[in-house]
Amino acid sequence: MRIRTPSDTVKPRAVVMSEPKAPTPAPGDTYKGWLFKWTNYIKGYQRRWFVLSNGLLSYYRTQAEMGHTCRGTINLATANIAVEDSCNFVISNGGTQTYHLKASSEVERQRWITALELAKAKAVRMQPESDESGDDSTPPASGQGAGSRNSEVQSTLRTLSSKVEDLSTCNDLIAKHGSALQRSLSELEGVRLGGETSEKFRQVTERATLFRITSNAMINACQDFLTLAQTHSKRWQKALQSEREQRVRLEETLEQLAKQHNHLERAFRGATVLPSSQSNPSIDSKGPVPVKGDASDEDDENEFFDACEDVQEFITVPADPKYHRSGSNVSGISSELGMDDGTTSLDEQSLASNPESPQSQELVPVRKRRSRIPDKPNYSLNLWSIMKNCIGKELSKIPMPVNFNEPLSMLQRLSEDLEYYELLDRGAKCQNSLEQMCYVAAFTVSSYSTTVHRTGKPFNPLLGETFELDRVQESGYRSLCEQVSHHPPAAAHHAISERGWTLRQEIALASKFRGKYLSIMPLGSIHCIFEKSTNHYTWKKVTTTVHNIIVGKLWIDQSGEIDVVNHKTGDRCHLKFAPYSYFSRDVARKVTGVVTDKDGKAHYVLSGTWDEKMEYSRVMQSSRGGENGAEGRQKTVYQTLKAKELWRKTPLPEGAENMYYFSTLALTLNEPEEGVAPTDSRRRPDQRLMEQGRWEEANAEKQRLEEKQRTVRREREREANRTASPSEEGKEPADGAEEVEIASEPSETTYKSGHQDNYTPMWFERLVDPMTGETTHIYKGGYWEAKEQGSWDSCPDIF
């Protein structure tokens, strides 16, 4: 299948990530910077390093490539430059080269357009056949002066060209005579003293003379060329400096115009969707509201967010300048807006950084955790070698090789939700439930940050398998996971912190294979309870999609919606994970959300990406805006303060690409520990063998464990049948009945209706949750006490 290029297909919208603002270019011939270049429908827009120099626009994948690999160059002298919208522009030479480019902002796009237009004009003037040129710093006063100057420059160029041709001719002659001289010298070495000696010496002398004459001619031509170039160099430098200064002045002027245009657009938009008649009455009673257009000095400290394409669509605009005045606190703003005391009075700094840092209370770790695991082996996967061993077997019994796995179990992946436990630590100290909701929402998003590169499948836990994560001394929390069901597969998780919060969840997975991608839908709710405030939050996970299952490089996306609900106060946060689209102009992996109270009034707007960071903005005012598109839905317009960072992903450790892209926490999860239960995932032999790079042994061990689990399950079913029907004791199942494995996927109905394993978990019990009414597994206690006593006699032998 041929991948169409932008030259023969319709170009979709760009996916642009936030870029730091580029500085105004200093005077010079070169302009450099990052742009997004459209590649194809598979990869979309890609970030490239562009260099504009001497009328040529070149690009590289990284700045480091500039010294050795240029990915493409276009001559601006014959190029056409077209602007598409506020950030997009196209450069084409009318032939096979067409660059569809996207800048990070309108100002940055204008800088590039200015630089390109000036470079194009200069490239056209410098062409030999051009009638225009510039070799003086002062423009001529009349057309006759311009013609005289052009004639002089053309004459100089012709002279220089002639000198270059002379140099080329001399170079050829030197090469020719040098080769002849070398041959003569070689022949001279083999000559015997005799009659032919004088003839050979004469030939060598002639050729040496020719070589000397040609070399002298070359030296003279070089001297003439150098003298002529030095003569005109000063004049050309003056002309070039004049062009540089003129370009800088034009760029500064255009940048100011672009900023003024931006301010006018924002002022107009604010006047349209937020008329004074819709302002808060309490504000009107305090005094006149400043005009939006007068707030140009405040715009640099505010951000403007695009509308979300959803039923509950909204846009945010900068808040009125009166909310940014120095010395004003939020409590003053709250009273000015007529808000209830204690509901939204939040110090803006307290949300971004808690004064009581949990790190100051941490103890020194008892042990140093590992920071590396063996590198992933580069084993090729032969599908035929897998399938030929499965001929004649039932589909449910085909063992999947560890080549598709990563050396962690699903229980350990579930424990990775605690990667950014500090968010809950800070949330536990909040006095305000809406502030606490922001932390819980950020924690919800942060649990997906470790999945962006993790395309390996975790090991399916065996029934009764457990995993403990004891980080009390380092981080103040400890957690326990147990595989409580195998049909459908479900895991229960309980974590408790000394800093005042408890997290529990029971997650089952349903999957749907749709040809090109695999959708994984987690079933079950997550609960977070804060001890001090007794606030009880619940939410569900979004859908995970694994793309390019059959062909291509695997990549993961998260999409869907999450409602985080505080069952005590009625507060709610609606989060939307936007699915990735080649045709979207939004940032990839975008997440947006709104925090509302029980009455539906918005207090905070959240925005960011699930793989990088989340920010929050305080809502000062809201109203209904204009209609959105053909469906006629109205957007909610929020006036917000400047966004502040709420959470940022910790960079992956060095060499993570060779260690399954594990995070710092993930690298320690399978580290052997003394005193853990015999059912702990760290003791699983196939997983340990895979981590050590012994994949063939791991495959054999994995098959042994799966067969052992089937045998134990059949024994458990026989025991259940004898207990239920004593009269049928000793009756054998029908042929093949005991061999059949249930291969159906768990649905929400199957998950809620109960489990089919006739198994009683060791550390969890099925209860009806009083908050949600769901039947779920809740920790019943006893594990940590058993660990202290070292009494694991009741644990099953699953490995």
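Predicted model: local features only at pLDDT ≥ 70, side-chain atom pairs only at ≥ 80, totals over all residues.
Trainee: How many helices and strands does the protein have?

Mentor: Helices (H or I, at least four residues) and strands (E, at least two) are DSSP runs, numbered from the N terminus. The protein has 16 helices and 27 strands. One of the helices is H3, residues 197–273, which holds alanine 217.

Trainee: What share of the residues is buried?

Mentor: Buried means under 20% relative accessible area, exposed over 50%, and partly exposed in between, with a 1.4 Å probe and protein chains only. Of the 799 residues in the protein, 45% are buried. Alanine 217, by contrast, is partly exposed, with a relative accessible area of 33%.

Trainee: How many disulfides are found?

Mentor: A disulfide is a pair of cysteine sulfur atoms within 2.5 Å. A search of the whole structure finds zero. For cysteine 438, the closest cysteine sulfur belongs to cysteine 573 and is 7.0 Å away, too far for a bond. Cysteine 438 is buried, with a relative accessible area of 0%, and cysteine 481 is buried with a value of 0%.

Trainee: Which residues does glutamate 406 touch?

Mentor: Contact means heavy atoms within 4.5 Å. Glutamate 406 lies in strand S9, residues 405–409, and is buried at a relative accessible area of 1%. Leaving aside residues up to four places away in sequence, glutamate 406 touches residues including Arg413, Arg454, Lys457, Phe459 and Tyr660. In the protein, among contacts between residues at least 6 apart in sequence, 61% join residues at least 24 apart.

Trainee: Which side chains are joined by polar contacts to glutamate 406 and glutamate 615?

Mentor: A polar contact is a pair of N or O atoms within 3.5 Å; within protein, one must be able to donate a hydrogen and the other to accept it, and residues adjacent in sequence count only if both atoms are side-chain atoms. The side chains of glutamate 406 and arginine 413 are joined by such a contact of 2.7 Å. For glutamate 615, a polar contact of 3.3 Å reaches the side chain of lysine 613. Glutamate 615 belongs to strand S23, residues 613–628, and is buried, with a relative accessible area of 15%.

Trainee: Where does the backbone show a cis peptide bond or a positive phi in a residue other than glycine?

Mentor: A cis peptide bond joins histidine 487 and proline 488, with omega about -5 degrees. Proline 488 sits in the loop between strand S12 (477–486) and strand S13 (489–497). Arginine 589, not a glycine, has a positive phi of about 60 degrees; this residue lies in the loop between strand S20 (572–577) and strand S21 (590–596). Tyrosine 661 also has a positive phi, near 60 degrees, and is found in the loop between strand S25 (644–648) and helix H12 (664–669). Arginine 589 is partly exposed at 26% relative accessible area, and tyrosine 661 is partly exposed at 32%.

Definitions and conventions. Residues numbered from 1 in each chain as written. Heavy atoms only, no water.
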